[in-house]
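Here is the note you asked for on this model. Please read it with the structure open.

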Amino acid sequence: MHKKVFCNWKTYLGVGETQTLAAEIVEYAGSAKGIVLLPSAELLASVAHVIEGTSVEMGAQTSSVHRHGAYTGQLDPENLHTLGCQYVLVGHSEQRAAAPMPASHFIAQATTALEVGLIPVICIGETRQQRDAGDAAAVVREQLRGLEDIADPDEFFIAYEPVWAIGTGEAATVEDVTQMCEYVKSIMGERTAILYGGSVTAETVGAFATQPLISGFLIGGASTKTTTLFPILDVLRSS
Ligand code: 13P
């Protein structure tokens, strides 16, 4: 599989379901690399156990901007790394909406992640209102400000997830996404790996999969069941 697939399980799944799904994905993947599981934080340790020694990787859905210290309720990035996370989502729109922070907060979060050896997956994207107002590029520019100063393009992933495409069944068009990829690469560098996320299904993934500008996918709802995830992976294996 040439494209990377990040499965963002959000808080959709219970304990048993998570372990079963992780085991089924391990079996499906065999020796194929490129699948990353993003379970909710309290389930990271049990998923780490299931994927140990396999080709499947794991990441966290967020992490603290701080390292060890008095930060009750936050997720220690160093511990996440020790637990087996290779990746961490930074600034998912559901996080940005739940606890609004300036864009610089998320760049600082990516900085700390890099310091402890995690690969940040920085989520960017505009709302429907911002797109309709012609502000999509400006919004994304603001979300990325400062990232170019802290990391080389091959040290992180960008996930372009327009807010209006998340969980709505309305994926962005290939044209919308490739235009945004070109814009992001013009700022961050050609080598920047960009994922697309937002209502990815087996029906929509094929058109994106043929685009060299798109390095992979960040999949929410459809990644939480084998009946919807495996058909996506089948498309990616054959394209
Ligand atoms: P959906 O695939 O459910 O639209 O979610 C996208 C997403 O938020 C992945 O991070």
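1. The model is predicted. Its protein chain contains eleven helices and eight strands. With a radius of gyration of 17 Å, close to the 18 Å that the globule rule gives for 239 residues, the chain is as compact as a globular protein of that length. Along the principal axes, the C-alpha atoms occupy a box of roughly 45 × 45 × 30 Å.

2. Burial and contact range. Buried residues make up 42% of the 239 in the protein chain. Among contacts with a separation of 6 or more, 71% join residues 24 or more positions apart.

3. Nonpolar core. The largest nonpolar core holds 71 residues. The most contacts inside this core belong to Phe-6, Cys-7, Leu-37, Val-88, Val-121, Ile-122 and Tyr-160.

4. Ligand shell. The ligand is surrounded by 14 residues, of which the closest are Asn-8, Ile-166, Gly-197, Gly-220 and Gly-221. By type, the shell consists of eight polar residues, five nonpolar and one charged.

5. Helix H2. What does the buried side of H2 consist of, and where does it pack? Within this helix, residues 44-51, the buried positions are Leu-44, Val-47, Val-50 and Ile-51. Viewed down the helix axis, these buried residues fall within an arc of 120°, so they line one face of H2. In an α-helix there are 3.6 residues a turn, so residues three or four places apart point the same way. Ala-45 and His-49 are exposed, on the face of H2 turned away from the buried side. After H2 comes Gly-53, with a positive phi near 75°.

6. Pro-231. This residue is located in helix H11, which spans residues 226-238. Is Pro-231 buried, exposed or partly exposed? Pro-231 has 15 C-beta neighbours inside 10 Å, so it counts as partly exposed; the class lies between the limits of 20 or more for buried and 12 or fewer for exposed. Ala-202 is 29 residues away from Pro-231 along the chain, yet their C-alpha atoms are separated by 5.6 Å.

Conventions. Residues numbered from 1 in each chain as written. Predicted model: local features only at pLDDT ≥ 70, side-chain atom pairs only at ≥ 80, totals over all residues. Core = buried A, V, L, I, M, F, W, Y, C linked by C-beta atoms within 7 Å. Helix = DSSP H or I, 4+ residues; strand = E, 2+ residues; numbered from the N terminus. Rg over C-alpha atoms; globule rule 2.2 N^0.38 Å. Contact = placed C-beta atoms within 7 Å. Near = placed C-beta within 6 Å. Nonpolar A, V, L, I, M, F, W, Y, C, P; charged D, E, K, R; others polar. Arc of directions from axis to C-beta.
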